[in-house]
Every structure is written in C-alpha cells, then in structure tokens.
Amino acid sequence: MKYNFDERIERRGTGCVKWDEEAPLSDAALGGSATPSDAVLSGSAAEKELIPLWVADMDFAVAPAIQEAIRRRAAHPVFAYTLVTDDYYNAIISWFQRRHQWTIAREHILYTTGVVPGISCVLKALTLPGEKVMMLSPDYNCFFSCIRNTGCEVSESILRFTCSTTDDANQQPVAGRFEVDWQDFEERCADEKTTVFLLCNPHNPTGRVWTREELQRMSDICLRHHVRIVSDEIHGELVMPGYTFIPMATIDEEAIILNSPSKSFNTAGLQCANIICSDAATRRCIDRAININEVCDLNCFGPEALIAAYNDSEDWIDELNEYLWGNYTALCDFVAKHIPGWSVMPLEGTYLVWVDVSAVCGDSVATYCERLKQETKVWLNPGTMYGSESGKGFLRINIACPRSLLLEALERIT
C-alpha cells in the first residue's frame with residue numbers, strides 16, 4: 001500500500017477528545033453499589049493506558065495532500081475571515097459527479113460548520129415545535145438531541161435484524177443485516193404529526209449501506225405521506241468491498257443532503273460541511289436558519305482541506321477502505337476464536353462495528369462497557385446511546401485505528 005495506516009501516532013496530550021477525555025466511572029454504571037475502592041484498577045490493569053475505540057474519528061494521519069494544503073495556508077501569518085471561492089464549489093461538484101454520478105448545481109450548496117449544526121438548522125427550517133421527526137433506530141445519538149432541541153418529538157422506527165436475506169441489487173444471499181420494518185415505517189409516515197424523515201446513509205451504528213431499492217421505497221412512502229427527507233451522508237465515502245453508496249438525492253431530487261469530508265478524510269477539527277438543497281424556497285429557509293444560529297462562517301483551513309481531499313486524495317480514501325476492511329475481518333476472526341458470547345454484525349459501510357453482546361452483558365450494556373473500561377482500559381460505546389430500546393444488548397467499536405492497536409484492545413478484553 002502507498003499509505004501507512006499501520007503507523008501508531010501518539011495523540012495523547014494534543015487536546016484530543018478521543019484520547020485526552022476520560023469519562024468518570026459512575027456508581028450506577030458499576031451496578032449501583034460501587035464504593036471508591038471498587039473503581040480502582042489493580043495489578044497490570046492499573047498500569048495500562050486507555051485504548052479509546054469510542055468516538056468516531058480515526059487514528060490515521062490525514063492524506064498528504066491535505067497536510068500540505070494546511071501547511072501552505074498556515075504559512076501565511078493572517079488567519080482572518082474566509083471567503084469560500086469557486087475552487088471550493090468546483091471540488092464538491094467534481095467529486096460527487098465522478099465518484100457517485102450525482103450532478104450538483106453550485107447554487108444548491110450551502111456551507112456550514114458541521115453536519116450536526118446543519119441538521120439542526122434544517123430541522124428548524126422545516127418543522128414546527130410539536131411535530132414528529134422519524135428516524136431508523138438504533139441511530140446516531142446526536143439525532144435525538146437535534147430533534148428534541150428543535151422542539152419536535154422523536155419517532156423511532158426500529159430496524160429488524162434478519163439472519164439471512166437476499167441482496168435486492170444482485171439477488172445474492174446475505175449472511176444477515178438490519179432491515180427496515182416497512183409496515184412500521186409507513187405507519188409512522190402516515191401519522192399527521194410526522195413531517196420529516198431523518199436518514200443516516202450509510203447507517204451509524206448498524207453499518208448498513210442502503211440499496212437503491214431501499215432508498216426508492218423510502219422515497220415513495222415519504223412522498224405518499226408528504227414527509228420531507230433529510231439525509232446525513234457524512235459516512236458516504238466509507239464503504240466496504242461489494243457495496244455501493246447511493247446518494248439519496250439521486251433517488252429523490254427534493255431530499256436535503258448533508259455531507260462533509262470530515263469523517264472520511266479525518267478532518268473533523270476543521271469544521272466544514274455542506275447542505276445540498278435543490279428547492280429554492282426551502283434553501284432560503286435553511287440559509288436563514290444557518291445565519292440566525294450563527295453557523296455561517298468557515299475557518300480558514302476547512303475549505304483548503306476540502307479542496308485537497310476532493311481533488312487530490314481519491315487514492316487515499318480507496319486504500320483507507322481496503323485497510324478498514326482488513327481491520328473488520330481481523331476483528332471477526334479474533335472474536336470468533338477468543339470472545340464467546342460476542343456476535344459481530346455485518347459491516348457494509350462506516351468504520352463503526354455493531355456487536356451483539358446480549359449473551360454476556362446481563363441487564364445493562366452500559367454497565368458492561370463501564371466494567372470493560374475499568375478492568376481492561378478499553379473504551380467502547382454502549383448501544384443504548386443510539387436507542388434506549390433498540391440498542392439494548394449491543395455495543396459499538398470504532399475500528400479506525402492501526403490493526404495492532406485494535407488487536408491489543410481485543411487481547412485485553414479476552
């Protein structure tokens with residue numbers, strides 16, 4: 001491989017959320033009866049440094065073209081307000097046209113500081129307090145807060161795990177995956193209070209890459225019940241072998257899309273994202289919400305990173321996906337041999353692996369994850385972060401790290 005994803009880069013001491021923030025162990029998480037002495041690590045565990053496999057960023061160096069673009073911009077001694085230039089828009093348009101056969105008009109692009117602030121602005125533009133926003137649960141935890149902060153109600157259509165199924169696109173058997181409960185989906189859309197469907201495509205945390213047929217069915221149902229589709233596609237470039245990411249806007253031209261190079265190119269700290277909306281009236285409402293909520297300016301490094309990512313780093317993302325697939329297969333092999341009671345779900349996209357631990361976690365997966373953190377110094381996310389009911393018995397592992405680090409974490413858990 002051209003790029004070295006095996007390199008272990010020291011991130012401690014850099015103000016890094018993933019490595020420098022350590023959430024305290026709670027009495028409740030330890031079973032409700034913990035004393036201070038219960039939370040003290042003993043023996044070799046006390047000497048180990050934490051391995052964080054929780055928050056969704058990567059432990060890999062960003063693509064060289066992005067590093068060079070940032071160095072070049074940082075060489076200028078003034079970091080003032082930033083003008084978003086033609087190069088920025090052209091990079092976005094070119095990337096999605098050649099990579100995903102999606103033609104985007106420049107005037108349809110609105111920039112903002114991040115996908116989550118963008119979702120909040122879109123929901124404020126499209127909804128009224130008291131309305132319902134539907135999503136597929138378990139789902140990205142920030143969706144819950146975005147919806148509630150807008151004054152809307154969360155409507156969770158819970159995904160079903162099918163042990164064996166058939167891929168709609170090529171009619172090939174699939175070992176198992178999470179699928180939409182279409183009857184429940186339609187019933188929720190038919191609720192007169194439901195005005196928006198908030199989609200995660202590809203899906204975090206289950207790792208689904210929705211097929212064209214599934215996206216078309218979602219669109220048809222939403223159209224039938226006058227429900228607007230808002231699609232978070234921040235993981236769109238992170239797709240495993242044999243799967244294809246389909247932008248929702250290629251199915252439904254009126255869908256509102258949020259994307260960013262931040263997740264796929266590991267540039268979340270540069271605060272740069274885009275909202276794609278083809279309808280002029282809706283776009284004006286969203287633009288107003290962006291300005292009212294003061295998330296209308298980018299820092300001077302964000303556009304430089306986006307241009308370098310989309311114009312000069314395509315081979316990097318291809319190698320990254322190949323490496324992530326190697327990490328996933330290594331995880332599956334290790335768990336099958338050494339961690340009884342764990343069942344790793346299929347991974348089609350993202351670098352976030354959904355694992356069924358219901359056989360070993362007892363009544364609370366949160367307690368289980370806290371105990372793993374206490375006893376092994378491996379930090380994983382409990383599934384209940386992504387749905388209090390739909391996430392029971394699951395945990396999420398971020399595998400975007402050098403393979404040796406991932407295997408070290410699994411050895412500790414064993």
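Student: Leaving aside its neighbours within four places in sequence, which residues is Thr127 in contact with?

Tutor: This is a predicted model, in which local features need pLDDT of at least 70 and side-chain atom pairs count only at pLDDT 80 or more, while totals for chains, interfaces and linings use all residues. Residues are numbered from 1 along each chain as its sequence is written, and side-chain values use heavy atoms, with hydrogens and water left out. Contact means heavy atoms within 4.5 Å. Once neighbours within four places in sequence are set aside, the residues in contact with Thr127 are Val133, Thr150, Cys152, Thr195 and Val196.

Student: Is Thr127 buried or exposed?

Tutor: Thr127 lies in the loop between α5 (115-126) and β3 (132-137), where helices (H or I, at least four residues) and strands (E, at least two) are DSSP runs numbered from the N terminus. Buried means under 20% relative accessible area, exposed means over 50%, and partly exposed is in between, with a 1.4 Å probe and protein chains only. Because its relative accessibility is 7%, Thr127 counts as buried.

Student: Where is Phe178, and is it buried or exposed?

Tutor: Phe178 has its place in strand β8 (residues 177-179). Not counting residues up to four places away in sequence, Phe178 touches several residues, among them Phe161, Trp210 and Phe394. With a relative accessible area of 6%, Phe178 is buried.

Student: How far apart are the end C-alpha atoms of helix α12?

Tutor: The expected span of a helix is 1.5 Å times one less than its number of residues. For the twelve residues of α12 (residues 365-376), this should give 16 Å, which agrees with the separation of the end C-alpha atoms, 16 Å.

Student: Why is α12 largely enclosed by the rest of the structure?

Tutor: What covers the buried residues of α12 includes β15 (378-379), β16 (381-382), β17 (394-398) and α13 (403-413). Among the buried residues are Tyr368, Leu372 and Gln374. The helix α12 is largely enclosed because the buried residues number nine of the twelve.

Student: How many residues of the contact of α3 with α10 are nonpolar, polar and charged?

Tutor: The contact is made by Ala65, Ile66, Ala69, Ile70 and Arg73 of α3, together with Glu304, Ala305, Ala308, Ala309 and Asp312 of α10. Here Ala, Val, Leu, Ile, Met, Phe, Trp, Tyr, Cys and Pro count as nonpolar, Asp, Glu, Lys and Arg as charged, and the others, Gly among them, as polar. The residues of this contact therefore divide into seven nonpolar, no polar and three charged.
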